Amino acid sequence: MDLGEATAPVVAVVGVVGTLLSALLTQRAADRGRRRELDRVEQVRERRRHVRELRACSVALNASARQYLAALTDQVHALGRDEEPRIVRQRLTQARDQYRDVYAEAQMRLPERVLDLVADLSHDLGAVYGMVRRLDDGVPRAGDSPEAVRECIDELWGRLRRTRRAMRTELGAYGADPGR
């Protein structure tokens, strides 16, 4: 067989194999590209889900802390009245229990930077609650007074604002509000 006759079938086979390999390689590259795009979309979805959960946790924490502070304030006001503050006491207990539940979830979700602020706020809320309960039970300690409680509550409102600002910063929502 002469070289010219053998070359034609080899060239034809190489051409067919090359065409098939080209299609296969193109298909594999397209599959990899689709896989990367699906992975990227899934990462974006996961990030959005995480931000939604973090936002929901922050909103719940803020709302429950506000309710707790409002219930503490109401209880202090009820101390000065002659009426039975049973309903106010019950509201305070419910607000405290709600806050503790939300705070427990926040401990698992919030970043450390924010959680440090929340932990300090939570500790001080508990301290004020203790003062209010001692005053309500008629067994105050030195330094326990309605005026001291009101001062502490005012300070806690300011700390709650700073904590909320930190939560918003963490969520990326604070950049548009630099003046506060």
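Arg159 and Glu155 sit four residues apart in helix α4 (residues 146-171), about one turn of the helix. Helices here are DSSP runs (H or I, at least four residues), numbered from the N terminus. This is a predicted model: local features need pLDDT of at least 70, side-chain atom pairs count only at pLDDT 80 or more, and totals for chains, interfaces and linings use all residues. Residues are numbered from 1 along each chain as its sequence is written, and side-chain values use heavy atoms, with hydrogens and water left out.

**View 1. Arg159 and Glu155 form a salt bridge.** Their N to O distance is 3.4 Å. A salt bridge is a side-chain nitrogen of Lys or Arg within 4 Å of a carboxyl oxygen of Asp or Glu. Arg159 is buried at 14% relative accessible area. Glu155 is partly exposed at 38%. The terms are set by relative accessible area: buried is under 20%, exposed is over 50%, and partly exposed is in between (1.4 Å probe, protein chains only).

**View 2. Glu155 also pairs with Arg162 in a salt bridge.** Here the closest N and O atoms are 3.9 Å apart. Arg162 is partly exposed, with 43% relative accessibility.

View 3. Glu42 is partly exposed at 42% relative accessibility. Arg45 is exposed at 53%.

**View 4. Salt bridges link five residues in a network.** The members are Glu46, Arg49, Glu53, Glu105 and Arg109. The whole structure holds 16 salt bridges.

Methods. Helix = DSSP H or I, 4+ residues; strand = E, 2+ residues; numbered from the N terminus.
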